[in-house]
Amino acid sequence: MLSTVTVVCTGAAVLSLYVVVLVFYRLFWHPLADFPGPRLAAATVWYEFYYDGIKGGQYTFKIQELHDKYGPIVRISPNELHCNDPAFVDTLYAGGSVRRDKYEYYTGQFNVSESAFGTVHHDHHRLRRSAINRYFSKASVAKLEPIIHDKVEKLCHQLYTHLGDDQPVKLDMAFSCFTTDVVTIYAFDKCYDFLSDASFRRNLHGSIVAGTDLGHYTKQFPFLFPLMHHVPDSFVKALNPQIGVYLQYQRDLAAQIRELRGQREMGDIVGKEYDLPATIFHELMESNLPDKEKTDTRLWQEGQTIVGAGTETTAWTLAVLFFYVLNNRDMYEKLMAELAGAIPDATSRPAYNDLEKLPYLIGLRLSYGVCSRLQRISPDGPMVYRPSDAVDASKSEYIIPRGTPVGMTSVLIHNNPDLFPRPLAFDPKRWLDAEGQRDRTLEKYIMSFSRGSRRCIGIK
């Protein structure tokens, strides 16, 4: 009978041999072996984890360093490439009939694999997205204008209560309350009413940020979310209180979906409280989607992506814009002059269709959207990358094997000085022509909402 020592030694030897063979394969036999990049990144995903998990979200900036060293296309992990050539945007983020899958390793980090955002396969995503597309059209969102105006007025009222305070108001928290109150009405016909608290402390900011921060770890350890949902809350909160907050946020969304389903089964009229024709999730339950696409689990995951994307991204953009406008007297006066000319009665409620015609107001844009890379996969054949004249590449053409995740990063594109001179400067004039009218020349390089058939549904 084998001794324990023998078993352990044999197991260690087999594991070591497996690791050696795996690394050798990735470095020399892998389909991406000929692509430039650091050997360590090609050998293991722990290279990425060191910069994101240990150093705290720094891999994006490390990727820029890798491009500076290796060129416009780099192998950044054993199975993944990254491109930093704006000319490749339309190929990678293709629209129309071109199919593009997402990278399961990336989307799995948020524990929302059943949402449209987290759906890996192109055709499955198309099915799920088709059911909610019309709720994010300009026509549908226009029906929300009275609600948005109400919430803006309530926000302003709460801000006025702070006049004369010794302490500053945290605008990111204020805008988080505002955006949450709007999006939850549209999604659930139920306002969370965070704006009723003038301190703006009651919001979803901590929950959403906690879930985002977890992503660096759940990519490496995908069993963490299922495990945390099956251990006592007290244990999770003792390890990390913010993780406990995030799990409770997911459970609250699941309870909200169950409540909506109960209303539907009881025949309650939807949208009655806020005079809406219907809410997103009532309509999803009534849609022609297969029953397996209308389970509670899938719907609360869809709810998490809609609430998360509709609150924190918008709130942060508003907070940053307010800072820059208030911090620059010239910008402030130009904006106020444009608004005064378009809205002579400050107590009126201007329509969005009128506001979007104001060139300087539209020029106030500053947002990366998702700061990490967004990968796409061609499931039907190889992608061909031909470097543009603007980059220094060692080859005139790269054939990217079918099924390879390739990413681009909005931060790197938006900070490209060849596209946007002085990219770190907040300059609304870059979006205007010589006559002060809107100039759309650079808009094709805006990646805040991604591009192609899988761009963010909230772009309108």
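These legends cover close-up views of a predicted model. Local features need pLDDT of at least 70, and side-chain atom pairs count only at pLDDT 80 or more, while totals for chains, interfaces and linings use all residues. Residues are numbered from 1 along each chain as its sequence is written, and side-chain values use heavy atoms, with hydrogens and water left out.

**View A. The largest nonpolar core has 49 residues.** A nonpolar core is a set of buried Ala, Val, Leu, Ile, Met, Phe, Trp, Tyr and Cys residues joined through side-chain atoms within 4.5 Å. Buried means under 20% relative accessible area, exposed over 50%, and partly exposed in between (1.4 Å probe, protein chains only). F188, I280, F281 and L284 have the most contacts inside this core. Helices that each supply at least two of its residues include α9 (145-160), α10 (171-188), α14 (241-266) and α16 (296-327). Helices (H or I, at least four residues) and strands (E, at least two) are DSSP runs, numbered from the N terminus. The most residues come from α10, which gives 11. A second, separate core has 30 residues, with I73, C83, Y103 and I400 among them. In soluble globular proteins, nonpolar side chains tend to be buried together.

**View B. The surroundings of I280.** Contact means heavy atoms within 4.5 Å. Neighbours within four places in sequence are left aside here. I280 then contacts I132, Y135, F136, Y186, A187 and I306.

**View C. Strand β2 (residues 80-83) is covered on both faces.** On one side lie E80 and H82, and on the other L81 and C83; all are buried. In a regular strand the side chains alternate between the two faces of the sheet. Strand β1 (residues 73-77) pairs with β2 in the antiparallel sense, over 4 bridges. Two strands pair if DSSP finds at least two bridges between them. The two strands β1 and β2 make a hairpin, with 2 residues between them. S77 has E80 of β2 as its bridge partner. Strand β6 (residues 406-408) runs parallel to β2, and 2 bridges join them. Here H82 stands opposite G407 of β6.

**View D. Q250 and Q304 meet through their side chains.** Q250 lies in helix α14, and Q304 is found in helix α16. Q250 counts as buried, at 1% relative accessibility. Q304 is also buried, with a relative accessible area of 8%. Their side chains make a polar contact of 3.0 Å. A polar contact is a pair of N or O atoms within 3.5 Å; within protein, one must be able to donate a hydrogen and the other to accept it, and residues adjacent in sequence count only if both atoms are side-chain atoms. The Q250 side chain makes another polar contact, at 2.8 Å, with the side chain of H229. Not counting residues up to four places away in sequence, Q250 touches F110, N111, H229, W300 and Q304. On that count, Q304 touches F110, V112, Y246, Y249, Q250 and L253. Q304 and A254 are 50 residues apart in sequence, but 9.2 Å apart in space, C-alpha to C-alpha.

**View E. F49 and F221 form an edge-to-face aromatic pair.** Rings of Phe, Tyr and Trp (its six-membered ring) pair if their centres lie within 6.5 Å; planes under 30 degrees apart count as stacked, over 60 as edge-to-face and the rest as tilted. The structure holds 25 aromatic pairs. For F49 and F221, the centres are 6.5 Å apart and the planes 85°. F49 lies in helix α3 (residues 46-54) and F221 in the loop between α11 and α12, so the pair ties together parts that are 172 residues apart in sequence. F49 counts as buried at 11% relative accessibility. F221 is partly exposed, with a relative accessible area of 28%. Ring pairs link both into a cluster with W46, Y217 and F223.

**View F. F323 and Y324 also form an edge-to-face pair.** The centres are 5.1 Å apart, with 75° between the planes. F323 is partly exposed, with a relative accessible area of 46%. Y324 counts as partly exposed at 30% relative accessibility.

**View G. C371 is in no disulfide.** A disulfide is a pair of cysteine sulfur atoms within 2.5 Å. The structure holds 0 disulfides. From C371, the nearest cysteine sulfur is that of C456, 14 Å away. C371 is partly exposed, with a relative accessible area of 41%.
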